[in-house]
Amino acid sequence: MSEAEIERREQGSKGSYVLSLPDGTSELSFSILSPSLVIADHTSVPDALRGQGIADRLAGAIAADARAQGFKIVPLCPFVNAWRQKNADWADVFQV
């Protein structure tokens with residue numbers, strides 16, 4: 001898999017982390033409740049790209065931004081919640 005860059009997009013109170021590759025576009029969508037609280041809504045990866053760690057990279061991107069920018073993540077997305085449980089070193093960025 002290519003090490004393409006993840007792009008963060010925001011419009012109003014909605015946003016997403018997007019990774020575009022030749023075989024499709026993967027996305028983790030989020031909702032901004034306040035400057036200190038963001039909901040991770042949904043993660044999607046095309047079938048052709050599954051099993052390559054893309055969803056992990058997207059979850060890692062929102063977690064890294066949360067730590068750097070000082071906001072907490074509400075892991076509404078089942079994948080992000082499972083990622084949180086597997087990555088205890090990121091516990092400080094989640095509100096559960």
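Reader: What sits over the ring of Trp 90?
Author: The charged end of Arg 67, 4.0 Å from the ring centre. Bear in mind that this is a predicted model.

Reader: How many aromatic pairs are there in the whole structure?
Author: A search turns up three. One of them joins Trp 83 and Trp 90, with ring centres 6.3 Å apart and planes at 40°.

Reader: Trp 83 and Trp 90, buried or exposed?
Author: Both are buried. For Trp 83 the relative accessibility is 7%, and the cut-off for buried is under 20%.

Reader: Which aromatic pair does Trp 83 form with Phe 94, stacked or tilted?
Author: Tilted, at 6.4 Å centre to centre and 55° between the planes. Trp 83 is in helix α2 (residues 78-86) and Phe 94 in the segment after α2, so the pair links distant parts of the chain, 11 residues apart.

Reader: And Phe 94, buried or exposed?
Author: Buried, with a relative accessible area of 8%. Trp 83, Trp 90 and Phe 94 form one aromatic cluster.

Reader: Switching to strands. How do β1 and β2 pair?
Author: Strand β1 (residues 7-11) and strand β2 (residues 14-21) pair in the antiparallel sense, over five bridges. Glu 10, for instance, has Gly 15 in β2 as its bridge partner.

Reader: What about the turn?
Author: β1 and β2 form a hairpin with two residues between them. Gly 12 in that turn has a positive phi of about 65°.

Terms used: Residues are numbered from 1 along each chain as its sequence is written. This is a predicted model: local features need pLDDT of at least 70, side-chain atom pairs count only at pLDDT 80 or more; totals for chains, interfaces and linings use all residues. Side-chain values use heavy atoms; hydrogens and water are left out. Rings of Phe, Tyr and Trp (its six-membered ring) pair if their centres lie within 6.5 Å; planes under 30 degrees apart count as stacked, over 60 as edge-to-face and the rest as tilted. Buried means under 20% relative accessible area, exposed over 50%, partly exposed in between (1.4 Å probe, protein chains only). Helices (H or I, at least four residues) and strands (E, at least two) are DSSP runs, numbered from the N terminus. A charge sits over a ring if NZ of Lys or CZ of Arg is within 6 Å of the ring centre and within 35 degrees of the ring normal. Two strands pair if DSSP finds at least two bridges between them.
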